[in-house]
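This report looks at helix packing, aromatic pairs and pockets in one protein model. Please read it beside the sequence and the coordinates.

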Amino acid sequence: LPVKMPRLLVTDRGRELLSKEECSPHNPSKYMAAIRRRVAQPDEVAMSYLAEAVEAWGAGLNRSSAVMLGCACERLVLLLAKAIAADETLPGVRKVGKALEARAFVSSLFEEIRSTLTSFRGDKKLPKELGDALDRKLSAIFDHARGLRNQSGHPTGEEVSAEDAEAGLLLFPGFCELVDKILTELDKVRTASKGGK
C-alpha cells in the first residue's frame, strides 16, 4: 500500500505567525532572545535563573520552574532596591536601604519599593505610563511569581500545574521590561539630582 503523507496548508495568517518572533517558553531560544531584545541591559543572574525555569518547565518540572522563576523576579526586585537606595536625595530611600541592610524578606522589601515608587509617581519622578503600571504589572506579576515560588519552595507536597508555571513564564518578559524601564528612569533622576548640585 502506498504511504499517504499528510498535507499541510499554511495560510497567510499562519505564515504571519511563523515569521513573528516568538515570546513563548515553547521555543526556549526565541523566548530568551525576545526578552533580551526588550531589555536595555539584561541582568545575567536573572537571565540564568530564567533559563533554568524554562528548561525545568519544558521537562515537566513545574515546581522547579516556579522556584527558578521566583528567583529571577527576586533578583530584579533586589536590583530595584539597590538603585533606589543608591540615591539619598530620593524620598523613601532610607526605608528601602534599611530593608536591604536588614536582609528583610523579599515581600517586605518589595512593599517598601512599591511604596517609594508610588511616591515617585506622585512627585512626577516616574513617567505616567510607568507609574500606572506599578499596580497593574509590577505588583501583580511579582505576587504571582512569589506565590508560585512559595507554593513550590516549601515541602507541602502541593503541585504546581504546567499551566500555572507557563503563565509565570509568559508574564515574566513584561515584568523584566518594566523593571528595566524603571531602572533607566531612576538613573535619569539620579543623574539630574547630581547635576543640580
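The buried residues of α5 pack against α4 and α6, where buried stands for under 20% relative accessible area, exposed for over 50% and partly exposed for the range in between, with a 1.4 Å probe and protein chains only. The model is a predicted one, in which local features need pLDDT of at least 70 and side-chain atom pairs count only at pLDDT 80 or more, while totals for chains, interfaces and linings use all residues. Residues are numbered from 1 along each chain as its sequence is written, and side-chain values use heavy atoms, with hydrogens and water left out. Helices (H or I, at least four residues) and strands (E, at least two) are DSSP runs numbered from the N terminus.

Val-93, Val-96, Gly-97 and Ala-99 are the buried residues of α5. They lie on the same side of α5, because they cover an arc of only 160° around the axis, the arc being that of the directions from the helix axis to the C-beta atoms. The face turned away from this buried side carries the exposed residues Arg-94, Lys-95, Lys-98 and Glu-101. After α5 comes Arg-103, with a positive phi near 50°.

## Aromatic pairs

A search of the whole structure finds 2 aromatic pairs, where rings of Phe, Tyr and Trp (its six-membered ring) pair if their centres lie within 6.5 Å, and planes under 30 degrees apart count as stacked, over 60 as edge-to-face and the rest as tilted. The rings of Phe-110 and Phe-142 have centres 4.3 Å apart and planes at 20°, so this pair is stacked. Because Phe-110 lies in helix α6 and Phe-142 in helix α7, the pair ties together parts that are 32 residues apart in sequence. Phe-110 is buried at 1% relative accessibility, and Phe-142 is buried with a relative accessible area of 1%.

The pair formed by Phe-172 and Phe-175 is tilted, because the ring centres are 6.4 Å apart and the planes stand at 40°. Phe-172 and Phe-175 are 3 residues apart in helix α8, and therefore separated by about one helical turn; Phe-172 is buried, and so is Phe-175.

Ser-139 lies in helix α7 and is buried, with a relative accessible area of 8%. Leaving aside neighbours within four places in sequence, Ser-139 is in contact (heavy atoms within 4.5 Å) with Phe-110, Arg-114 and Leu-134.

The largest pocket holds about 410 Å³ of space; a pocket is here an open set of points on a 1 Å grid over the protein atoms alone, where a 1.4 Å probe fits, with protein on both sides within 12 Å along at least five of seven lines, and lining residues have an atom within 4 Å of a point. Its lining has 17 residues, of which Glu-74, Ala-104, Phe-105, Val-106 and Arg-149 are the closest to the centre. The elements giving two or more residues to this lining are α4 (62-85), α5 (93-101), α6 (106-122) and α7 (128-153).

The second largest pocket has a volume of about 240 Å³, and among the 14 residues lining it, Gln-41, Pro-42, Leu-79, Asp-180 and Leu-183 are the closest to its centre. At least two lining residues come from each of α3 (44-58), α4 and α8 (162-195), and α8 gives the largest share, 5 residues.

Definitions and conventions. Grid points are joined across faces, edges and corners, and a volume is the space filled by probe spheres set on the points.
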